[in-house]
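Visitor: Could you take me through a close look at one part of this model? I would like to know how its pieces touch.

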Amino acid sequence: MSKTNQPDNTPVPTFRDQLLAGFRASEERMNGESKSALHQVRRAALQTFETLGFPTIKHEEWKYSNVAGLINKAYELEQPSALTAEELDVLQIPNLSGNILYFVNGQYRADLSRIVSPASEVQILSFREAMSEQSEAVGAYFSRLADFQDNAFTALNTAFAFDGVFIRVPDNKTVAEPIVMRFINDAREANVAAQPRNLIIAGRNAEVKVIESYRTLGEQSSFTNTVTEVSVARDARVEYYKVQNDTEQAYHIGTTQVRQADSSLFYSATVTLNGGFVRNNLNIVLDGEHCEAHMYGLYIPNGRQHIDNHTLVDHAKPNSYSNELYKGILEERSTGVFNGKIFVRPDAQKTNAYQSCKNVVLSPDATMNTKPQLEIYADDVKCSHGTTTGKLNEEALFYMQSRGIPKQQAQTLLMYAFAEDVLNKIKIDPIREYLEKVVAQKLAI
Amino acid sequence: MLTISDLQANIGEKQILKGINLTVNAGEVHAIMGPNGSGKSTLASVLAGREDYDITGGSVDFEGKDLLDMAPEERAAEGIFLAFQYPVEIPGVSTTNFLKTAMNEIRKYRGQDPLDAVQFLKLMKEKMKLVNIDQSLLSRALNEGFSGGEKKRNEVFQMAMLEPKLAILDETDSGLDIDALRIVAEGVNKLRSPERATIVVTHYQRLLDYIVPDFVHVLYKGRIVKSGPKELALELEEKGYDWIKAEVEAGV
């Protein structure tokens, strides 16, 4: 029975109370696990969450993203779903081969998933499995990258870190097939919450491509709070894509925390097609020399959608390179936020860091807030940043019209070309083609 | 083909065109000259349908239809082409893709079937020769990073592809060296035919050495104050615009 179906005079517990009770209940079900080191981390994280509470807009990092609407609801924390393989069919990305892992309402669904890469190439496990089968590796990385001390959502996710994906690529291995993680919230019956916790460990000179995809079904509210920790060892190469196509009633908070060692490459694209409230944190620590980090982003909100991208590149060592390009197209009453931090530590001489955020606001009721934040403590560096927010180029529209192209279509062509700049950075063809199609449909107005 | 009667247009509160009268017949080339700020480019823009201007009076008839009532894309489909003084850079859209979209939209308007890829490429090859433009330029994003000469040549190439009934060249000579000017003018001349008309808007006479007009009109303070044969252009080149200004001020 869904909490939302209760009569109005029954006080609905706040989400916070519900979470605290949920944590206690899960502890009571544990046997020996409650004594484990991993669970001590969960406990500490819960305490931090209790102390911090959910952020308000008074918090500098949450100034433009108000989570009040998210936390004043109750959610089912462990809602079972009868979602079948047939129902998933419509959600498939055409022609996408490889490993596919399905999570429904936060729980791994082995029956729906498919692992094709040989175990010699990569270990792919659910986080739950990894806790027992790979406890040493989990212990070595879990919560070591994503600090929860000053982040309520990361603390909350850490406290509830029970399921998600564990990927470990041994040294010198290249994973031929991509690994697709599909997180589906089935909100057809009730408000649901899911908190996936993922750990990606790329060994020395290893190579892997991973995709996180988020999708909500149904009209009830959905809350996803995800944390992905990525460790990129020396000479390793990780391609990371995050694709979001959620409903207007979906709240998504996601943190991807990356640490790169010497001469490693992290290449990412975050594409948000739809979502009621989206907050993506992409934090990269370049903890080695001669690293390369690429960050691309595209968001195209309409209606009352709110999409917030916070990125942080921390140049901790010399001689590394980071490049960032985020683009947004905002329609109707939508809002967008881009906050891009670049730190260049005193030791990080010869850093090259570039950041660019470009936005087109198509409606007078849409709003975009951009904030580049560069803190440079080394003196021999090349850093640049630029943000632009403007309307569609009227002169270009007229030019196209004067050649016979109707205004609506000219606008679509211009917008699509604007978006394509980011989409063509996606190196997995079926993903790029799928996104190009959905973006074209959405922009066709 | 085109009859402009007492055309008046404002930008904001400021009146730019103060009553233009001009008739252009098929096969003719008309040059519109005049000092800076006289309203030449405004006239070209108003004919193509730029929205920045308010039409406050007069009418424009194009082949029996009210031109001012049409959206820019309808005017294009009816056969009007404006070669821009400053062609716009459009990142991410190749000239080829752009032109294919434009041509097929125009064909749709006219009730014709779209061109398939083979027909389109064949036509493109043919017209590329006409204006001596390179394939590599057309694969690039429209006008992006093109030199001044390349942009103007691309305008003439688009004109050759779209085969308009009335071509309006807005200061096509600006920013061109003499070689580029000659190539562009040759392209325009190859498109001249008894069915088509051209309006050449220019500040200087030099373009008219290559695109020889049938009529020359002088626009000053929003009106056509003098019209004559092609020799008028030479006279303007020699004597400048001051004598015309003086005539107008004296009320001649």
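Guide: **Two domains of chain A**

Chain A is divided into domain 1 (13–287) and domain 2 (392–445), with bounds that come from an automatic or database domain assignment. This is a predicted model, in which local features need pLDDT of at least 70 and side-chain atom pairs count only at pLDDT 80 or more, while totals for chains, interfaces and linings use all residues. Residues are numbered from 1 along each chain as its sequence is written, and chains are lettered from A and ligands numbered from 1 in the order in which they are written.

The C-alpha centres of domain 1 of chain A and domain 2 of chain A lie 32 Å apart. Domain 1 of chain A gives 14 residues to the contact, and domain 2 of chain A gives twelve; two residues are in contact if their C-beta atoms, placed from the backbone, lie within 7 Å.

Now for the side of domain 1 of chain A that touches domain 2 of chain A. At least two of its residues come from each of β8 (207–217), β10 (237–245) and β12 (265–274) of chain A. Strands here are DSSP runs (E, at least two residues), numbered from the N terminus. The largest share of this side, four residues, is supplied by β10(A).
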